[in-house]
Amino acid sequence: MPTPRVVILCPKEFTFSDPAASVEREVLAGAAEVRTIALDFHDPIPAAALAAEALILWHNIPVNATVIAALKNCRALIRNGTGFDSVDAVAAGKRGIPVCNVPDYGTEEVADHALALALALCRQLFPLDAEAKRLGWQINVADKMRRLRGRVFGIVGLGRIGTATALRAKAFGFRVMFFDPYLAPGVHKALGVERAGTLAELLEAADIVSVHCPLTAETRGMIGAREMARMKPSAFLVNTARGDIVQKAPVLAALREKRLAGAGLDVVENEPLRSAEEAATPNLIVTCHAAFCSPEGMIEMRTTSAKIARAAVLGQPVWNRVN
């Protein structure tokens, strides 16, 4: 029998720092041959990948129904990361192909990043940094600086990362509230947080709204102009989930018109920012879809996806299946 093949697909725009796939090769030793292929985002999937027993997908390489129909031997499609919206999971399911993700590799990093953005906004770190580096010493933003204790930290989506963020926010003295219609009753009691019955209730109560839900048909564009209007003018918005959950134009408009006090966005709709005008929006902190990043997190992610691929090619049960 020929040796099964696991192909790692990575966009050329995002250089895979280890094209030799040393982490994956170690995990898959004795079970499968490993090959890395770099593509432009809209390049056709090459024949070697279509014939592979498992595909590990970096970033947002699109795997649509047409690609899935052309897969010959595939036993698993594994998205190297939390989001899986770039893969047609329904089409894969119809062919009996598991679609898996790695939802827990960056839990600590993303929760830490969300809190860092929230704290930077509450304590006005960037304006104060800019003032000090002008060799000035005026606290011109004193009226915008917030005491953390007692303020409502609102979380949209209380999964792994949302829960980790809630625990961190509690440690800082925030009053934590969440909205998640898919969690069983009583979760709020176990964590010692409050539960909002609707998104509107959360938005109206929160001093900080932090987004932690996956991008799905239900959540795409979930926070737009109508939702912005429900938030307090003194509130801050943080998004470390997916850019397309929050509509960019209404957020930037709310910041310019002072209907929102600030936003910390690790992800943006149609990222990256597209103009100097967008970048100059007041009270906006933007980071480069980097909340998940750390050397430790990358090794954990790659090890997990390779372990799932190993199980798939050996005919064993896989985990983290999303379809």
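Predicted model: local features only at pLDDT ≥ 70, side-chain atom pairs only at ≥ 80, totals over all residues.
Let me begin with the packing. In soluble globular proteins, nonpolar side chains tend to be buried together. Here the largest nonpolar core has 31 residues, and those with the most contacts inside it are Val-211, Met-228, Met-231, Leu-237, Ile-245, Val-251 and Leu-260. The elements that contribute two or more residues to this core are strands 6, 7, 9 and 11, together with helices 9 and 11, and of these it is helix 11, with four residues, that gives the most.

Next, a strand. In a regular strand the side chains alternate between the two faces of the sheet. Strand 3, residues 54-57, sends Ala-54 and Ile-56 one way and Leu-55 and Leu-57 the other way, and all of these are buried. Strand 3 pairs with strand 1, residues 5-11, in the parallel sense over four bridges, and there Leu-57 stands opposite Leu-9. Strand 3 also runs parallel to strand 4, residues 76-79, to which it is joined by four bridges, with Ile-56 having Ile-78 as its bridge partner.

Now to the empty spaces. Rolling a probe the size of a water molecule over the atoms shows where empty space is left. How many cavities of 30 Å³ or more does a search of the whole structure find? The search finds two. The largest, of about 50 Å³, has Val-251 in its lining, along with residues including Val-246, Leu-265 and Glu-269, and by class that lining divides into five nonpolar, two polar and two charged residues. The second largest cavity, at about 30 Å³, is lined by residues that include Cys-122, Arg-146, Asp-207 and Ser-234, and its lining has four nonpolar, one polar and three charged residues.

Finally, there is the second largest pocket, with a volume of about 210 Å³. By class, the pocket lining has five nonpolar, three polar and four charged residues.

Key. Residues numbered from 1 in each chain as written. Heavy atoms only, no water. Core = buried A, V, L, I, M, F, W, Y, C linked by side-chain atoms within 4.5 Å. Buried < 20%, exposed > 50% of the residue type's maximum accessible area, 1.4 Å probe, protein only. 1 Å grid on protein atoms, 1.4 Å probe; cavity = no way out; pocket = protein on both sides within 12 Å on 5 of 7 lines; lining within 4 Å. Points joined across faces, edges and corners; volume = space filled by probe spheres on them. Nonpolar A, V, L, I, M, F, W, Y, C, P; charged D, E, K, R; others polar. Pairing = 2+ DSSP bridges.
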